[in-house]
Amino acid sequence: MKLKQRVVLLAILLVIFIFTKVFLIDNLDTSAANREDQRAFHRMMASLRVELDPRLDHTLQSPWEIAAQWVVPREVYPEETPELGAVLHAMTTKKIIKADVGYKGTQLKALLILEGGQKVVFKPKRYARDYVVEGEPYAGYDRHNAEVAAFHLDRILGFRRAPLVIGRFVNLRTEIKPVATEQLLGTFMAVGNNTCFYGKCYYCRETEPACADGDIMEGSVTLWLPDVWPLQKHRHPWGRTYREGKLARWEYDESYCDAVKKTSPYDSGPRLLDIIDTAIFDYLIGNADRHHYESFQDDEGASMLILLDNAKSFGNPALDERSILAPLYQCCIIRVSTWNRLNYLKNGVLKSALKTAMSHDPISPVLSDPHLDALDQRLLSILATVKQCTDQFGPDVVLVEDRMTLSHL
């Protein structure tokens, strides 16, 4: 064999060797990643039920200090949280030392300071569990139980981007009024034998107060994120106009996602994939009201999209608002880890997992059965949507590997 032929043959063999090695490494990496996804799912399932135990025997820190240290740019709490029960227990039992009107917003809420100086947001009960909110998918008052359910769904999906939430019963006469600011106290009133308040917000009206059952009011408390992590508000690229007859661009432009991909912070980094994760999360809970979203300040698109304000959810179990999924079906990309987790949750696992996760809550049952059934049906729609994308573009394009190392140093 001539030298030139030998060189060509060696070159061909070398190319084959390199491609084979790369293929094997890619397959090994993918397989390892999938195995880790499965292990993470089993760890989550094993820790679903959270016992509300106040003991923190292994540390001298307060529950508030522990929860504050959990927060990092890509998650609000870590995967393994043996102290979660103690933090949630403190949120639902610690003495209220101050009560004020809620921070700016459209819906009624109160800002409470708990013993130890921890801020929480209290959202009062407005509807019975089986009440169906008719009309637009963003209609109605906030649902306090939706905040509780959304937090546990965040745990189940493995996102860990929602602040901690738990249900709580408060006595408005003995726990709130004695420590209320004048501004909040001025909104209290009696309706029959019930104590009520209407607070201060864009849609708060004296004619539409939230009322306790006598003096006892059911609600949810959401843990305030640490002040060392200031938030930055962003307009959601798939936000609605909220004006009848006026469509947002994404509602009529089939190439809208291509335009989004060319703008910061969606042209690089994890933000667009976070948007798609959030669309999946919102579709499952029926939340069509995420017109804005928050991230940590000055993050240049690297921090997570924080899943705040999920109370416009679980309003109508019979309504599947497909437009919530627009980021998914217009961009046709999804994280591999999200795709794996969704597949682990099919065949009734999601409903069962969420029911178990919420069973410890003081206001349990948190959701009615129709809402739990709706979750499983919506999951099937999400899986079908991704299938359509992979059929059209291929799994190599649609399924994106994006695993960011998380640090709790």
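The legends below describe close-up views of a predicted model.

**Figure 1. Helix 2 and helix 3 cross at roughly 120 degrees.**
Helix 2 comprises residues 63-70 and helix 3 comprises residues 84-93. Their axes come within 9 Å. An angle from 65 to 115 degrees would count as roughly perpendicular and one over 145 as roughly antiparallel; helix 2 and helix 3 are therefore oblique to each other. Helix 2 passes helix 3 in a left-handed crossing. On the side of helix 2, the contact is formed by Pro-63, Trp-64, Ala-67 and Trp-70. These residues meet Leu-84, Ala-86, Val-87, Ala-90 and Met-91 of helix 3. By class, the contact of helix 2 with helix 3 consists of 9 nonpolar residues, with no polar and no charged ones.

**Figure 2. Helix 3 is largely enclosed by the rest of the structure.**
The buried residues are Leu-84, Gly-85, Ala-86, Val-87, Leu-88, His-89, Ala-90, Met-91 and Thr-92.

**Figure 3. Met-91 is a buried residue of helix 3.**
The relative accessibility of Met-91 is 0%, and the residue therefore counts as buried. Leaving aside residues up to four places away in sequence, Met-91 touches Trp-64, Leu-114, Leu-164, Val-165, Ile-166, Arg-168, Val-221, Thr-222 and Leu-223. Met-91 and Pro-63 are 28 residues apart along the chain, and their C-alpha atoms are separated by 9.0 Å. Both residues also belong to the contact of helix 2 with helix 3, Pro-63 in helix 2 and Met-91 in helix 3.

**Figure 4. Helix 10 and helix 12 cross at roughly 135 degrees.**
Helix 10 spans residues 336-344, and helix 12 spans residues 369-393. The two axes come within 10 Å. Helix 10 and helix 12 are therefore oblique to each other, and their crossing is left-handed. Trp-339, Leu-342 and Asn-343 are the residues of helix 10 in this contact, and they meet Leu-379, Ile-382, Leu-383 and Val-386 of helix 12. The contact of helix 10 with helix 12 holds 6 nonpolar residues, 1 polar residue and no charged residues.

**Figure 5. Asp-53 and Arg-55 form a salt bridge.**
The model has 24 salt bridges in total. In the one shown here, the side chains of Asp-53 and Arg-55 meet with an N to O distance of 2.7 Å. Asp-53 is partly exposed, its relative accessible area being 25%. Arg-55, at 56% relative accessibility, counts as exposed.

**Figure 6. A salt bridge joins Lys-119 and Asp-227.**
The N to O distance between these two side chains is 3.8 Å. Lys-119 lies in strand 3 (residues 118-124), whereas Asp-227 lies in the loop between strand 8 (216-223) and strand 9 (231-235), so the pair ties together parts that are 108 residues apart in sequence. Lys-119 has a relative accessible area of 23% and is partly exposed. Asp-227 has a relative accessible area of 59% and is exposed.

**Figure 7. Arg-161 and Asp-274 form a salt bridge between two buried residues.**
Their side chains meet at an N to O distance of 3.8 Å. Arg-161 is found in the loop between helix 4 (144-157) and strand 4 (165-171) and Asp-274 in helix 8 (residues 271-285), so the pair ties together parts that are 113 residues apart in sequence. Arg-161 counts as buried at 7% relative accessibility, and Asp-274 is buried with a relative accessible area of 0%. Salt bridges with shared partners join Arg-161 and Asp-274 with Arg-74, Asp-277, Arg-335 and Asp-402 in one network.

**Figure 8. Arg-271 is a buried residue of helix 8.**
The relative accessible area of Arg-271 is 0%. Apart from residues up to four places away in sequence, Arg-271 touches His-234, Pro-265, Tyr-266, Tyr-293, Ser-295, Asp-299, Gly-301, Ala-302 and Ser-303.

Key. Residues are numbered from 1 along each chain as its sequence is written. This is a predicted model: local features need pLDDT of at least 70, side-chain atom pairs count only at pLDDT 80 or more; totals for chains, interfaces and linings use all residues. Side-chain values use heavy atoms; hydrogens and water are left out. Axes are lines fitted to C-alpha atoms, for helices over the stretch in contact, and angles run from 0 to 180 degrees between N-to-C directions. Helices (H or I, at least four residues) and strands (E, at least two) are DSSP runs, numbered from the N terminus. Angles under 35 degrees count as roughly parallel, over 145 as roughly antiparallel, 65 to 115 as roughly perpendicular and the rest as oblique. A crossing is left-handed if the near helix is turned anticlockwise from the far one by less than a right angle, and right-handed if clockwise. Contact means heavy atoms within 4.5 Å. Ala, Val, Leu, Ile, Met, Phe, Trp, Tyr, Cys and Pro count as nonpolar, Asp, Glu, Lys and Arg as charged, and the others, Gly among them, as polar. A salt bridge is a side-chain nitrogen of Lys or Arg within 4 Å of a carboxyl oxygen of Asp or Glu. Buried means under 20% relative accessible area, exposed over 50%, partly exposed in between (1.4 Å probe, protein chains only).
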